[in-house]
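Have a look at the sequence and the model first.

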Amino acid sequence: MSKSRNPPRGRLARIGKVAALSARGSAGLAWRAVRKLAGAETEAIDRSTLGHFAHVLGEMKGAAMKLGQALSMDVDALPPELRQIIARLQSEAPPIPVEEIAEIIEAELGAPPERLFAEFSREPLAAASLGQVHAARLEDGREVVVKVQYPGIAEAVESDFDNLSTLARAAGLTTKLLDGRRYVDELRSEVVRETDYLLEAERARRFAEVLSSEPELVVPLPVPERSSGHVLCLTRVRGRTLQQFIDSAPDASARWRVSELLIRAVHGPFFSAALLHADPHPGNFLVTEEGRLALLDFGCVKTFRPEFVEAIRAFMRSEVLGLPYDPLAGVRAAGFEVDTDEATARSLLSEILEIATRPLRTNVYDYARDTSVPDMRALGLRRAGDFLRVRPPAEAVMLGRAVGGCAQNLRALGARGDFRSVYLRVLERG
């Protein structure tokens with residue numbers, strides 16, 4: 001049997017890998033500076049260090065790998081070389097041997113893959129943060145994918161969040177102003193739920209129901225008789241990942257069509273059913289040959305309070321239709337804590353809304369020239385103290401993850417068109 005590549009589980013083992021990674025990165029940067037002063041080429045050394053960075057995150061899997069995936073989406077947060085290498089983490093993390101996959105399937109479902117499936121591919125389709133995916137075919141001819149959870153991954157996730165909490169305490173981030181524990185706890189709760197594949201199967205069924213009136217949006221359906229808490233079997237959808245679609249240099253009409261579908265897929269269920277697909281990595285969307293958009297991976301799905309959804313709806317409708325709106329009353333209705341004077345809060349919210357609502361205030365918006373992410377980051381740095389005094393409810397973490405990721409995907413697609421009308425239709429359907 002091949003050597004196991006199961007992720008390290010314990011807190012010390014996982015934080016040790018991060019420490020070693022940091023040390024190598026620092027040494028690599030120092031060596032790069034020395035070589036640059038000497039006039040030597042540095043690209044090979046840089047790519048070696050960057051490749052090692054991605055490889056270690058891939059071996060760790062869990063929340064550490066999810067962080068790498070999130071960073072790969074931000075075109076401003078990392079150098080292009082590192083972003084491209086880390087982007088492979090969505091589907092190209094070091095896999096575990098198929099023999100171990102077969103053992104897990106037999107332990108979970110009572111029989112080895114060759115007895116449960118007419119065909120089962122030994123090579124994984126993807127090896128991602130929490131599980132490994134293999135293509136298969138059922139006896140009735142249906143093509144399926146089988147996602148098998150890495151052994152010990154739930155413990156590894158808990159270790160990552162325990163380490164994060166420890167680092168926050170060590171850095172002194174526990175005062176009232178800087179206390180982010182509720183947001184870390186929200187992330188921990190949601191990521192831990194991703195390790196329950198029976199819950200993910202139920203979420204996939206729920207999304208299929210919510211989007212049943214959207215024929216251009218596709219949701220793979222679970223196969224209950226071939227699924228368990230650690231093995232998830234879903235009907236297979238064929239297509240190119242969103243990143244592969246973008247890399248193929250599609251024409252303007254194709255980019256616009258996929259951009260519109262992406263908004264409907266992410267924002268539509270939020271307003272119609274208080275439901276959100278909160279893992280917007282481009283590897284979780286497929287563009288089919290017919291031009292439909294498929295949503296994948298329902299581990300990270302968030303359900304929201306109705307009053308929170310209605311507060312967001314009121315805000316967006318006012319922006320799209322140009323209606324009067326009191327943003328301070330709106331954030332309070334959504335559950336934000338405002339711990340500053342009214343003038344300061346209104347000034348901050350005004351600047352935030354100017355950046356965040358640009359696509360909603362014009363009939364033609366060009367995402368190829370969108371600067372909202374770096375502009376919002378710059379605002380956060382410039383008014384960091386004020387941001388800390390207008391604190392969102394914990395559930396807003398997942399909304400921010402989904403909406404921010406959707407905006408990054410739209411930016412990568414670079415479509416130009418009437419996005420305001422698209423958002424208005426989404427709001428009206430809800």
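Q: Which residues do ring pairs link into a cluster?
A: Keep in mind that this is a predicted model. Rings count as a pair if their centres lie within 6.5 Å. Linked up by such ring pairs, the cluster consists of Trp 256, Tyr 365, Tyr 367 and Phe 419.

Q: Is the aromatic pair of Trp 256 and Phe 419 stacked or edge-to-face?
A: The two ring centres sit 4.8 Å apart, with 65 degrees between the planes. Planes over 60 degrees apart count as edge-to-face. So this pair is edge-to-face.

Q: Is Phe 419 buried or exposed?
A: Phe 419 lies in helix 18, while its partner Trp 256 is in helix 11, 163 residues apart. Trp 256 has 22% relative accessibility, so it counts as partly exposed. For Phe 419 the relative accessible area is 0%, and under 20% means buried. So Phe 419 is buried.

Q: How are the rings of Phe 304 and Phe 308 arranged, stacked or edge-to-face?
A: Both residues are tucked away: Phe 304 is buried at 5% relative accessible area, and Phe 308 is buried at 1%. Their ring centres are 5.5 Å apart, with the planes at 10 degrees.

How values were computed. Residues numbered from 1 in each chain as written. Predicted model: local features only at pLDDT ≥ 70, side-chain atom pairs only at ≥ 80, totals over all residues. Heavy atoms only, no water. Phe/Tyr/Trp six-rings, centres within 6.5 Å; stacked < 30°, edge-to-face > 60°. Helix = DSSP H or I, 4+ residues; strand = E, 2+ residues; numbered from the N terminus. Buried < 20%, exposed > 50% of the residue type's maximum accessible area, 1.4 Å probe, protein only.
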